[in-house]
Amino acid sequence: MLRRSLSTRAASPAASANAHEVIVSGGGLVGGAMIASLQQLRSRLHAEGSKMNFTSSDRSATGTILSSQLARLMLVDSSARPAYDAANMMHTLRTVSITPVSSKILDNLGAWDRLTTKHPYYRMAVRHEQVNSPTLGSGARSSAFFMTSLLGNATSAEPLLEFTDLRKPVGFICFNTELNSCMIDVVEAQQKAAAETEGFHDTLCFNHRLEDVKLPSQGNMDGPWGTAKLVSGDAKADTEFGLILGCEGRGSPLRDVLSTPSLQHDYAQTAFVCDVRVEKVDDGNVCSFQNFFRDGKIIGMLPTSEETANIVFSTTPQHARELMACTHEELVAELNQRLCAFAPNDIPKILEVPQKTTADGSTKRAQGFFPLKLNVATTPYAPRAILLGDAAHSIHPFAGQGLNLGIYDICALTSVLEQAIRSGQDIGSSVAVGQVFAGHMLSHTAPMILGMEMIKKLTYGVPGLSSVGMKALNSLPLVSTVAKDAIMQVSSGAVFASQQKGSFLLQ
Ligand SMILES: Cc1cc2nc3c(=O)[nH]c(=O)nc-3n(C[C@H](O)[C@H](O)[C@H](O)COP(=O)(O)OP(=O)(O)OC[C@H]3O[C@@H](n4cnc5c(N)ncnc54)[C@H](O)[C@@H]3O)c2cc1C
């Protein structure tokens, strides 16, 4: 039965040296983890052959047949190989909040233990600018009188909404560069082991990109392999692939090749990001803070150690430019007014934004900015091509979910590919793989994106109502228990994990 179903799969058409069963284009946080996951799936399938009750020649043939659709893997990234240096302040500038379920997946992929920074936080406190806000003018105060009577004057000191679990972390804050670098370490270690023990040879091409990507036409089910040119500087080499995975982030060129319809929204906001040193607090700095403002600005402070944190301030592009250019004292004062001044007894005071003197004598701060856009591909697949991570769905960072959704993509796609391989389907098939994966992607991204968009619209469009909503959610006993639990189930990834129970990445 196994043999019959395996033999129905389309034979690999490409035996040339430049043919690869799977090319992962983009070796960032999602692409690196995706190729690590494919290497592990291949190893598992290969090992399975040797456990089956066949003669020894059958055994190795079965292991090889199962794993042959993943025989030659290639990673292509247009940047240099990531290498983390803790002393380089730009390497600690970008952070991600990782959910417990994503941390489990990263652990199974072999990257989690390698991280030196994965600062847990046990509490999340959300506030909304209120009538007693330190940033609100007197005109706005009188117009907000009605809100005072509803919410009281102390609302901005007390969190309107709070999630706490002292037994297990709500999430972990990691440095993007370290996570990316550790994941590529894993990929290289697995590449070496696969060559030595299984005879598979993977290729990692940094400072390369693919051009002229051609996919078989839509009607061509399981048809010819795709083709592309692998480019580095002036050098170009023809290559073929059974499946290409677009993990090139929000500017994905493969997305253009697919010309998929997409939901787009320019938030007209820029995320100003910087590192800060904060005063020491009794709890060990294990709370992540988020303050919403009536004009749509959102500031988040994510703890990275007992005395450091990362700021993500979603603001207007003009304001972000001003923050980039202002003096150190002005920046610290503004950040403290947006954070600590709201709740001096809860939100730690910012002491400094680390800076260094460069060779030419000027000072440089650990800061940067990123324009924010919602861009969700509604059909993230085509014959022999799939988009995942930010290439398929880039979202607003306020909920800290972008990478987590990308990690869930990896887990879901790995399961779909495993199922296709076991049932003898071509992994490049848009029916057996692309469509099925898109269904999974939709089920873990759509509720999150819809929820986030609703919160954003409410806090900006109807701030009073959103404040009342947050307060009700936090303090009405039954609503609070049920609704907060439901929010945690979705935002921790627990709902996703319950849908993917069979995945080896979640064992
Ligand atoms: C300010 C901010 C804060 C955030 N905070 C969080 C958070 O707390 N939690 C969270 O889960 N998410 C967060 N996110 C989102 C998260 O950073 C992204 O979802 C995540 O980085 C996406 O990973 P990716 O690998 O898909 O894309 P990227 O990280 O953009 O990686 C893309 C890779 O593709 C490569 N590449 C680009 N073009 C090409 C090409 N033509 N050919 C080959 N390679 C190419 C790049 O070099 C890069 O290595 C945040 C985002 C921002 C902007």
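Which helices and strands each supply at least two residues of the shell around the ligand? The points below take up this question and then turn to the elements concerned.

1. The model is predicted. In it, helix H2, strand E2 (73-77), strand E3, strand E12 and helix H11 each contribute at least two residues to the shell around the ligand. The largest share, four residues, is that of H11.

2. The shell around the ligand comprises 13 nonpolar, 15 polar and four charged residues. Among the 32 residues around the ligand, those that come nearest are Gly-26, Gly-28, Gly-249, Gly-389 and Gly-402.

3. Helix H2 spans residues 29-51 and includes Ala-47. Ala-47 is partly exposed because 14 other C-beta atoms lie within 10 Å, a count in between the limits of 12 or fewer for exposed and 20 or more for buried. The C-alpha atom of Ala-47 is separated by 9.0 Å from that of Glu-198, although the two residues are 151 residues apart along the chain.

4. Strand E3 belongs to an open sheet of three strands, in the order E3-E7-E4, with antiparallel pairing. E3 and strand E4 (119-121) stand at the edges with a single partner strand each, so one side of each has no neighbour in the sheet. From one strand to the next, the twist averages 30°.

5. Within this sheet, four bridges connect E3 and E7 in the antiparallel sense. Ser-97 has Ile-173 of E7 opposite it. In general, the strands of a sheet pair through backbone hydrogen bonds, in either a parallel or an antiparallel manner.

6. Helix H4 (residues 100-108) has as its buried residues Val-101, Ser-102, Ser-103, Ile-105 and Leu-106. Just after H4, Gly-110 adopts a positive phi of about 95°.

7. Strand E12 (residues 262-278) runs antiparallel to strand E19 (residues 367-377), and 11 bridges join the two. Asp-266 has Lys-373 in E19 as its bridge partner. E19 also pairs with strand E22 (residues 393-394) in the antiparallel sense, over two bridges. There, Val-376 has His-393 in E22 as its bridge partner.

Methods. Residues numbered from 1 in each chain as written. Predicted model: local features only at pLDDT ≥ 70, side-chain atom pairs only at ≥ 80, totals over all residues. Pairing = 2+ DSSP bridges. Axes fitted to C-alpha atoms, helices over the stretch in contact; angles between N-to-C directions. Near = placed C-beta within 6 Å. Nonpolar A, V, L, I, M, F, W, Y, C, P; charged D, E, K, R; others polar.
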